[in-house]
Amino acid sequence: MKEQNTKNKDFLSGPEILKEMNISWSGKMLEETADQYSKVSRVIPEVEWPFFAPYIKAINILKKDMNAVILAHNYQTPEIFHCISDIRGDSLQLAKEAGNVNADIILQCGVHFMAETSKLLNMDKTVLIPSMEAGCSLAESITGEDVRKIKEENPNIPVVTYVNTSAEVKAESDICCTSSNALDIVNSLESKEIIFLPDEYLAMNIAKETKKKIIMWKGRCEVHEEFTPEEIVEFRENEPGVKVIAHPECSPEVVAQSDFSGSTSAMINWVKDNQPKKVLMVTECSMSDNISVENPNVNFVRPCNLCPHMKTINLENILESLWNKKTEIKINPEIAIKAKQAIVKMIEL
Ligand code: 13P
Ligand code: SF4
């Protein structure tokens, strides 16, 4: 069906695809999507469902037809996270799962470096990202040339690179890490000194827990650097008994004010296991929305900050991406070989 209908057009928009697929909102669709709506009903008002449901139906049909798999990061909005994704998780889980995917197409609901990681582990597959605007301030803080200079200035010191980097930067590294394994990776290396790139705050948080000397770079996550220790103190005063959990991309001062710090999935598991009455998740906003569904007795206290890059992905551009097979991730094969080695080393450790 798809091949015939798109013969004369390079790119169909979301509404045009819905028309081609003969999908539109109807009362019957409310019944058909009842299971999916029940997962998000705490965060999506029923009046908004007629906008989401046709896209959800179309994406799920197309996904099967095209033998595609959708990977979604924990920061994706609830309708993406709960209603169309096949694999969900933090950066490490997504990277590990990407290596095991048995499909022709991987569609990444996350930012560009995550899609690149999937491509590095699946050079023979089509990897799609719905928005090329989905960058990351950490990935943009450093280039391959920067890493080559740092290595020249610090010879024979191993380079550990956060996965929030381009393939070119990974290719210059000895091993990658994510927020959930950074300390283990650093401690696994024999050298007493480690170059840790590019997140300065994550590096500082690791430096507090390892005996090794950490050489840092000045990259920051634009979302997590906004949180301040003063803000946390104020929340504790205004919300007595609130538990505070923070992502390690926050400053060490913010982490010091928290009851727990860990990767996005570690934060989710902490809430599931501890069932606090009130919790402040010091991270991106969608996390609280996504897990509120499974934790109805937990009260999620704001603030949170939005990641503008993650939020460029939506149901409409996901459908467009699948139908039009755009935009495909491409990586220079020479860079890919080296970058893949750094990721595989991390996964194997
Ligand atoms: P996680 O690996 O903890 O999911 O973090 C990724 C990220 O981009 C956080 O800002
Ligand atoms: Fe990058 Fe920060 Fe957005 Fe994560 S939250 S993708 S580190 S800008």
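## Loops, helix packing and ligand shells

P198 lies in the loop between β7 (193-197) and α12 (200-207), where helices (H or I, at least four residues) and strands (E, at least two) are DSSP runs numbered from the N terminus. This is a predicted model, in which local features need pLDDT of at least 70 and side-chain atom pairs count only at pLDDT 80 or more, while totals for chains, interfaces and linings use all residues. Residues are numbered from 1 along each chain as its sequence is written, and chains are lettered from A and ligands numbered from 1 in the order in which they are written.

Most residues other than glycine have a negative phi, and most peptide bonds are trans.

| Residues joined | Omega |
|---|---|
| L197 and P198 | about -15 degrees |
| K326 and T327 | about -5 degrees |

T327 is placed in the loop between α17 and α18 (333-348). A positive phi, near 50 degrees, is found at N67, in the loop between α5 and β1 (68-73), and another, near 65 degrees, at N156, in the loop between α9 and β5 (159-162).

P198 is also in contact with S141 (C-beta atoms, placed from the backbone, within 7 Å), and S141 itself belongs to the loop between β4 (126-128) and α9 (144-153). With 21 other C-beta atoms within 10 Å, S141 is buried, a term that requires 20 or more such atoms, whereas 12 or fewer make a residue exposed and values in between make it partly exposed, C-beta atoms being placed from the backbone. N67, by contrast, is exposed, with 10 other C-beta atoms within 10 Å, and N156 is exposed with 7.

Helix α5 (residues 49-65) and helix α17 (residues 315-324) pack at an angle of about 25 degrees with their axes 10 Å apart, the axes being lines fitted to C-alpha atoms over the stretch in contact and the angles running from 0 to 180 degrees between N-to-C directions. The two helices are therefore roughly parallel, since angles under 35 degrees count as such, over 145 as roughly antiparallel, 65 to 115 as roughly perpendicular and the rest as oblique. Residues of α5 including F52 and Y55 meet residues of α17 including L315 and W323.

Ligand 2 is surrounded by 13 residues, of which C136, S137, C221, V223 and C307 are the closest, a residue being counted if its C-beta atom, placed from the backbone, lies within 6 Å of the molecule. C221 is also among the residues that surround ligand 1, together with others including H247 and E249.

Terms used:
Contact = placed C-beta atoms within 7 Å. Lists of a residue's contacts leave out its neighbours within four places in sequence.
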